[in-house]
Structure formats: C-alpha cells, structure tokens
Amino acid sequence: MSNQKFFTMAKWLGSILVGLVITVGAARADWYYDDAAIMGTNIEVQVWADTERAGQAAIDAVFAEMERVNQQMSPYIESSELSRLNASAATAPVVVSAELFALLRYAQQMSETSNGAFDITFASVGFHYDYRAQKRPSDEVIASQLAAVNYRHLELNTEQHSVFYAHPDVRIDLGGIAKGHAVDKAIEKLKRLGVEHAMVTAGGDTRLLGDRLGRPWLVGIRDPRKADRQAVKLPLSNTAISTSGDYERYFEEDGQRYHHILSPATGKSASMVQSVSVIGPSSTTNDALSTSVFVLGLEAGMALINSLPTVEAIILDNQRRMHFSAGLTDQ
C-alpha cells in the first residue's frame, strides 16, 4: 500500500473514531446540576439525563416554571396576579386565573384543617414587618390590623373564579404555600419531559422524583441555631419534604427573635418550636402543614400530623429536642 493510500485510510478511520467518541460521549447518561435565585430563595435542581443537552433542557424547564409561578404569585412584583388582587379585591370581586383560584381554595382548606393556624391573610399584619431593616410594628399597629387576619374574609366564587376581600384591610401572602406549589409544578414538568430521577429544592421545600439510581436521596434538615450543621439526614425516595424554621427571615432585639412565621391569632412571631419538617407526597401540602405545625406548637401540631394519613413530621422544640410523628417512630 502506498503512503498516500495509507494516510488517506488512516484519516478516514480517525474521523470515524472521533465521531464515535463524540456520539458515545453525548449519549452517556449522567447527573446534571444547576441553581438559580428565584422566588426570593435559591432554587437547586439535579436530574439524571441521557445527554448534557437533555439535562440542561430539563433544568431550564424547572427554572422557567419557577419564574412563571413567581411572576404570578409574588407580592413583591407589582404586575403579579397576587399584587393586583391585593390592590383591588377589597373594593370589588376580582377574577383570577384557574391556577391561582385553585391554590386559594386549597389554602382555605388548609386553614380549616389546621383550625386557622395556617392563614394567608396573615399578611394584613405581616406587611408591617421589615426583617432586613429590623423593623417590627408596635403592639398598637398589630391590634389595629389583627381583625383583618381571618381566612374567612376571603370570599371565593367558584363559578366566576373571583375573589373578594370582606374586610377592607385584608392582604394575602402565599409565602407559606407558593414555593411548595412551584416545586410540584416543576416536578410535573420533569415528568412530562420523561425524567425519572430528579431533585428540586426551593428554600425549605424539596421534592424527589424517584431515587438516586437504586439508592435513596439523603436530605438534611438544618440545625436552626447552627447554619453550617444539619440536625439530621434522612434517606428518602419519591417523596417531598418541607421545613419551616425561625431562622429563615428574622432579626433579634433585646434577646427576642422576630421571624416571618406569624401566629394569625396574635400577629406576632410564633415561638413554641424552632423548626418543623413535614414529609409527604405533595410539596404544596407539606409547605402549608410545616407552617401550621410551627404555629400550633409541639403537642397540637403533632396531633394534627398524626391525624393525617399521608404525612409525617419531625419537630425541633425550644429545648432543641427532636420529636417524631407516630409513623416514623413505629418503623
């Protein structure tokens, strides 16, 4: 064989090998990870995908879904559906989207379930707090606004999908349920894309799709008083967990901690426990229940969890003792 023919054949074989390497590399399944700041918190996504392109497309779909919910339900975005509702619903009924209406109805159901411990009208007092500026309302201001905190002030018309505030000072905030809702919506997106193994986290709300290829995910619950430590790690698969704690948005004044989880009964920061984690199939439900239990405290909160068939809870009390719901201690 002549040198020219040899080099021509070698070049041809080399191009085939390069093509094979590229193809094999592109088709190799792997874990893909990314994070982004959305909804006032850090969103983290891990997915198992056949290619980097598919993995990135799945992650981008999660971020897009999170931002869609943010644009719809944030009280800090003036053009959001929630902001428009707060601006007008005390003067006349406001027609809202089917998605927002359904979430408002579910929030009311959770208020009933928790005997009012979960109440999105807490914002009627809550907007007077500024945790970044370390400002809180006076007792007089709280007392003047507390009558507006009552989920029964929300009049929902199921035929027209309209919302009316029956008290002139009502404001609502979906901070105790919207992130969980967004996580559930993101997981639905991943399922439609064919993803079978994934984790989506938004602040204290995490949902797991499948497992880590035959092994459980290890999900940590943060120590409320030590940011760099985890109080416990849980092996979980194909479920969700939400944690509410007094360390997320807070400031301290004269030895007292003022944080964003307010008791609807007092308009002040609930103080009976340090953190609550709820485990169950729905991030939306877990999100609302972790807030409810935090407000109710250890005894009433654990009684609520033990009365519900699909959820479990871990509560860290003010003496830093850990308590487990009945379904976790029976296993």
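Tutor: Helices (H or I, at least four residues) and strands (E, at least two) are DSSP runs, numbered from the N terminus. Asp-119 lies in the loop between helix H4 (98–113) and helix H5 (123–126). This is a predicted model, in which local features need pLDDT of at least 70, side-chain atom pairs count only at pLDDT 80 or more, and totals for chains, interfaces and linings use all residues. Residues are numbered from 1 along each chain as its sequence is written, and side-chain values use heavy atoms, with hydrogens and water left out.

Student: Which side chain is joined to that of Asp-119 by a polar contact?

Tutor: A polar contact is a pair of N or O atoms within 3.5 Å; within protein, one must be able to donate a hydrogen and the other to accept it, and residues adjacent in sequence count only if both atoms are side-chain atoms. Here the partner is Thr-121, at 2.6 Å.

Student: Why is strand S7 described as largely enclosed?

Tutor: Buried means under 20% relative accessible area, exposed over 50%, and partly exposed in between (1.4 Å probe, protein chains only). Strand S7 (residues 205–209) is largely enclosed by the rest of the structure because five of its five residues are buried. In a regular strand the side chains alternate between the two faces of the sheet. Asp-205, Arg-207 and Leu-209 are buried on one side of S7, and Thr-206 and Leu-208 on the other.

Student: Which strands pair with S7?

Tutor: Two strands pair if DSSP finds at least two bridges between them. Strand S6 (residues 198–202) runs antiparallel to S7 and is joined to it by five bridges. Strand S10 (residues 240–245) is also antiparallel to S7, with three bridges.
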